[in-house]
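Here are my notes on the model, as numbered points. Please read them with the structure open.

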Amino acid sequence: MQDNTFPIRVTISAKTRNFTEKPRQGQKDGAMEKHLSAYPILRSVKEHNTVYEMMKLIPDIRAQLSDEELRELSMCTIKEYWAKGSTVVGNQGFYAILKGSARPQARCYKRMLGEDFDSSCVAMSTTSQATMFGFSGRTMLIRGSCFGTLETAPPKLPHILLSIITEENCEILKISSTDYLRIKEVKQTRQVLVGQLHEKQSFGEVSILLQTPFTCRVVTATDVKLGIIDASAILGLDVVIQMLLLQTAEPTFNNITQ
């Protein structure tokens with residue numbers, strides 16, 4: 001049996017800084033860019049955590065997402081490379097510039113959650129086309145600047161509205177709107193408290209012995225110290241002992257219906 005400690009609460013008293021600020025002495029500049037170079041499925045737990053911590057430093061991302069949403073999205077976000085002079089369309093994701101600079105093609109180049117696409121388009125339709133789509137001179141997007149949308153843009157929305165043109169070779173973080181909507185739908189699933197576990201109680205052994213999925217998830221209410229028995233060790237027990245375990249350990253939440 002392994003005895004592992006799982007810390008649940010972490011208190012951070014350090015001053016919050018933004019991604020645009022220069023990293024402190026001793027911190028590696030470009031840590032997130034390096035970890036984002038690997039496909040999400042190939043990143044280690046430490047690399048996923050680094051991406052999550054760095055994404056929290058980008059104000060426009062931090063302002064829109066809960067900590068839980070941000071952590072989940074950090075595990076599937078990617079980095080894209082765009083050469084100087086490229087047009088990046090932001091209709092299918094929310095983007096943050098990691099390296100390089102760019103200029104938006106329209107005044108409405110970024111839509112935060114809670115803003116209405118329709119009202120933005122109506123407001124812009126009252127301006128001249130030259131003002132609406134010829135916007136180029138005054139706004140520069142640099143490291144930490146964002147554009148695009150987390151929610152799917154309306155099909156009829158002109159692509160140029162959320163687009164930017166790179167002024168130099170750029171590395172850009174992308175949060176797919178498809179990934180955001182998937183996580184949002186999961187969060188809307190109703191969660192029901194079906195029971196509580198206390199000291200010296202166990203869970204999971206019946207599912208292992210019967211080879212059936214565990215129908216619930218366990219959420220810690222306090223800091224917890226767990227003893228873990230590997231599934232292979234349970235399945236390697238003598239058949240008689242396995243039968244005794246099944247007789248004495250009924251499924252913890254056996255009476256739950258769909």
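**Notes on the sheets and the chain**

1. I start with one residue pair. Y95 has F147 as its bridge partner in β7. Keep in mind throughout that this is a predicted model.

2. The pair belongs to a longer contact. β4 covers residues 93–99 and β7 covers residues 146–149. The two strands run antiparallel and share 3 bridges. A96 is also placed here, opposite C146 of β7.

3. What does β4 pair with besides β7? Strand β9, residues 170–176, is joined to β4 by 6 bridges. This pairing is antiparallel. Within it, G93 has S176 of β9 as its bridge partner.

4. Now place these strands in their sheet. The sheet is open and has 5 strands. Its order is β2-β9-β4-β7-β6. The pairing across the sheet is mixed, although β4 meets β7 in the antiparallel sense and meets β9 likewise.

5. Which strands form the edges of this sheet? They are β2, residues 78–82, and β6, residues 110–111. Each of these two pairs on one side only. In the order given, β4 sits between β9 and β7.

6. Is β4 mostly covered or mostly open? Mostly covered: of its 7 residues, 6 are buried.

7. How many bridges join β3 to β8? There are 2, and the strands run antiparallel. β8 spans residues 164–166. V88 has I164 of β8 as its bridge partner.

8. Some totals put the sheets in context. The protein chain has 10 helices and 10 strands. Take the contacts between residues at least 6 apart in sequence: 82% of them join residues at least 24 apart.

9. Last, the surface. The protein chain exposes about 16,900 Å². Carbon and sulfur atoms supply 54% of that area.

Terms used:
Residues numbered from 1 in each chain as written. Predicted model: local features only at pLDDT ≥ 70, side-chain atom pairs only at ≥ 80, totals over all residues. Heavy atoms only, no water. Pairing = 2+ DSSP bridges. Helix = DSSP H or I, 4+ residues; strand = E, 2+ residues; numbered from the N terminus. Buried < 20%, exposed > 50% of the residue type's maximum accessible area, 1.4 Å probe, protein only. Contact = heavy atoms within 4.5 Å. Areas by Shrake-Rupley, 256 points an atom, 1.4 Å probe, with all protein chains shown as cover.
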